[in-house]
Amino acid sequence: MFMQQMAKTEMTQFWQWMFNLCNEDYSCVLGWGLGGVVAVLGLVLGFGFLIARANKMRG
């Protein structure tokens, strides 16, 4: 219960920081959030591609 409340507080502080960074413009926050999701997805797919390629070369 305590950890869940602490995680909620941290997430709230993150979103407050994002809104402050973007001067409380919702489209800016949404754009940065979407950009972050795309970047993480790109990293995961890139590492997956590298691992698959290394397995092909080895096998």
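Colleague: Which residues make the nonpolar surface patch, and what is its area?

Modeller: A patch is built from residues with over 30% relative accessible area and no salt bridge, where like charges are joined within 9 Å and nonpolar side chains (Val, Leu, Ile, Met, Phe, Trp, Tyr) within 5 Å. A salt bridge is a side-chain nitrogen of Lys or Arg within 4 Å of a carboxyl oxygen of Asp or Glu, and accessible areas come from the Shrake-Rupley method with a 1.4 Å probe, with only the protein chains shown counting as cover for residues. In this predicted model, M11, F14, W15, W17 and L21 make a nonpolar surface patch of about 540 Å². One of them, W17, is found in helix 1 (residues 2–21).

Colleague: What should I keep in mind about numbering and confidence?

Modeller: Residues are numbered from 1 along each chain as its sequence is written, and side-chain values use heavy atoms, with hydrogens and water left out. As the model is predicted, local features need pLDDT of at least 70 and side-chain atom pairs count only at pLDDT 80 or more, while totals for chains, interfaces and linings use all residues.

Colleague: How many helices and strands does the protein chain have?

Modeller: Helices (H or I, at least four residues) and strands (E, at least two) are DSSP runs, numbered from the N terminus. The protein chain has two helices and zero strands.

Colleague: What span should helix 2 have?

Modeller: The expected span is 1.5 Å times one less than the number of residues. For the 33 residues of helix 2 (residues 26–58) that gives 48 Å, and the end C-alpha atoms are 48 Å apart, which agrees.

Colleague: How many residues of helix 2 are buried?

Modeller: Buried means under 20% relative accessible area, exposed over 50%, and partly exposed in between (1.4 Å probe, protein chains only). Helix 2 is hardly covered, with a count of one buried residue among its 33, and of the 59 residues of the protein chain, 5% count as buried.

Colleague: Where is the disulfide?

Modeller: A disulfide is a covalent bond between the sulfur atoms of two cysteines, taken here as a pair of cysteine sulfur atoms within 2.5 Å. A search of the whole structure finds one, and it joins C22 to C28 with an S to S distance of 2.2 Å. The link of C22 and C28 is left-handed, with -55 degrees about the S-S bond. C22 is buried, with a relative accessible area of 8%, whereas C28 counts as partly exposed at 22%.
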